[in-house]
Amino acid sequence: MSNGTFTILTKEGAAKRGTFETVHGTIQTPVFMNVGTVGAIKGAVSTEDLERIGTQVELSNTYHLHVRPGDEIVKQMGGLHKFMSWNRPILTDSGGFQVFSLAGLRRIKEEGVTFQSHIDGHKIFMGPEESMQIQSNLASTIAMAFDECPPSKADRSYVMPSVERTTRWLLRCKAKLEELNEREDTINKNQLLFGINQGAVYADIRIEHAKRISELNLPGYAIGGLAVGETHEEMYEMLEKTIPYLPSDKPVYLMGVGTPANILEAVERGVDFFDCVYPSRNARHAHLYTNFGKINLLNARYEKDENPIEPGCGCPTCQRYSRAYIRHLLKAKEMLGMRLCVLHNLYFYNKLTEEIREALDKGEFASYKARKLAGMQDGANEI
RNA sequence: GUGGCUAUAGUUCAACGGCAGAACGGCGGAUUGUGGAUCCGCUCAUGAGAGUUCGAUUCUCUCUAGUCACC
């Protein structure tokens, strides 16, 4: 086994079926990573649950864990794997997205970004070196580069220098992580770094940036700054134009995306890694994914519905509980309601990517995708 | 039993004798590298009866129900 090796097993058009090797195990791609920002999947979901629902990679956030409990504490506890009792791969997001999502609370300079903590308001400085130090302390399997994620509607005159700065930040991330991986007291000396492509919806900026960061020979590359306000068509166009300029033998990670349809479309265009808050956040608000589309379990029509969320679903929730009961739990704001919904949605996403892998193995991705998309037209085939 | 107070949306409360509002709830929608959050639509009411008045949720009386105090 070789850490960071991506092996393409088969291809169908731009779509890839592969394996990505890490010190915490082999990741089968395409993969959907389950988002647990603060080192926990929201909704009282345990790491045992994650094993049951087929989670391959857990994703946590640098900024959030730095603010609480503090990455030094996580390091003292033996790193994030030991701390949260999860021995499979963990990817940590760099905190770069928080530059964007907490825009009201920050100031960007060449050295890095000054944040105001959303917990207690105190000032936090984070740049490439700080982000790498924190992620090294967390000892995740894959660290993400510290980038800036400009809004998709941002003007070229803003995006251009922002992307150039993101490139300089990437060089600093790489140098810092190499240094940290050499250190005696580093928990995971094999920590991998993924670079991030930016450029809003300007194909030429994204292409130039992709070429530039490809020279760094990183083990993986992400596409960031999509699904932040632009149309689906613009997002797909950016993927089609940018991915050919990223290394063909490295995995591509589309950050923060997306709906089941987004995932099918992106796999077709060459994406291998995904993450999204949709399945977990929507679950907490009763929006559940099924093969016949998304349903809102709070709708009155489910009040006396004895069916499981999706008949035939293999998730722990559907083995046992009815829509009517789960709806009652959600109405009563019982934590169990959220939990059961999150388990279903994450299982659905994990199962979706498993089916995608099986279809690619058989060379039947195109027909699988068409069938899946037709089935998921909202409500059209509801049981 | 006597006296006081109250009665407006599913709930808690607003409204000078002149178009009955809010919050929460209910119904539906949004949400893409998560602040268990937030946002957006829609729906729903003057306890019953009589009187004064051009006009009553508002003033008067009776009834009903609740509530407090006193016996």
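**Loops, helices and the RNA-facing surface of chain A**

In the predicted model, G258 is found in the loop between β13 (252-254) and α10, where helices (H or I, at least four residues) and strands (E, at least two) are DSSP runs numbered from the N terminus. Residues are numbered from 1 along each chain as its sequence is written, while chains are lettered from A and ligands numbered from 1 in the order in which they are written. Because this is a predicted model, local features need pLDDT of at least 70 and side-chain atom pairs count only at pLDDT 80 or more, whereas totals for chains, interfaces and linings use all residues.

The peptide bond that joins V257 and G258 is cis, with omega about 10°. A cis bond also links R68 to P69, where omega is near 10°. P69 is found in the loop between α2 (62-67) and α3 (71-76). Most residues other than glycine have a negative phi, and most peptide bonds are trans. Two non-glycine residues with positive phi are S85, near 55°, and N217, near 55°. S85 is found in the loop between α4 (80-84) and β6 (90-93), and N217 in the loop between α8 and β12 (220-223). A residue is called buried if 20 or more other C-beta atoms lie within 10 Å of its own, exposed if 12 or fewer, and partly exposed in between, with C-beta atoms placed from the backbone. On this scale S85 is exposed, with 9 other C-beta atoms within 10 Å, and N217 counts as exposed with 10 C-beta neighbours inside 10 Å.

The largest contribution, five residues, comes from α11. By class, the surface near RNA strand B has 18 nonpolar, 20 polar and eight charged residues; here Ala, Val, Leu, Ile, Met, Phe, Trp, Tyr, Cys and Pro count as nonpolar, Asp, Glu, Lys and Arg as charged, and the others, Gly among them, as polar. Helix α5 holds F100. F100 is partly exposed, with 16 other C-beta atoms within 10 Å. The C-alpha atoms of F100 and H122, which are 22 residues apart along the chain, are separated by 18 Å.

As a whole, chain A has 14 helices and 16 strands. Its radius of gyration is 20 Å, close to the 21 Å that the globule rule gives for 383 residues, so chain A is as compact as a globular protein of that length. The radius of gyration is taken over C-alpha atoms, and the globule rule is 2.2 Å times the number of residues to the power 0.38. The C-alpha trace of chain A spans about 60 × 45 × 45 Å along its principal axes. Of the 383 residues in chain A, 49% are buried. Two residues are in contact if their C-beta atoms, placed from the backbone, lie within 7 Å. Among contacts in chain A between residues at least 6 apart in sequence, 70% join residues at least 24 apart.

Chain A is divided into domain 1 (6-276) and domain 2 (283-375), with bounds that come from an automatic or database domain assignment. The C-alpha centres of domain 1 and domain 2 lie 27 Å apart. Across the boundary, 25 residues of domain 1 are in contact with 28 residues of domain 2. On the side of domain 1 that touches domain 2, the elements giving two or more residues are β1 (6-12), β2 (15-22), β4 (31-35), α1 (47-52) and α10 (260-268). Of these elements, α10 gives the most, with six residues. This side of domain 1 has 13 nonpolar, six polar and six charged residues. Within α10, the buried residues are P260, N262, I263, L264, A266 and V267. Just after α10, G270 takes a positive phi of about 105°.

Helix α7 (residues 156-182) has 27 residues and reaches 39 Å from its first C-alpha to its last, close to the 39 Å expected at 1.5 Å a residue; the expected span is 1.5 Å times one less than the number of residues in the helix. The buried residues of α7 include V159, W169, L170 and K176. Among the elements that cover the buried residues of α7 are α6 (128-138), β10 (142-144), β11 (192-197) and α8 (203-214).
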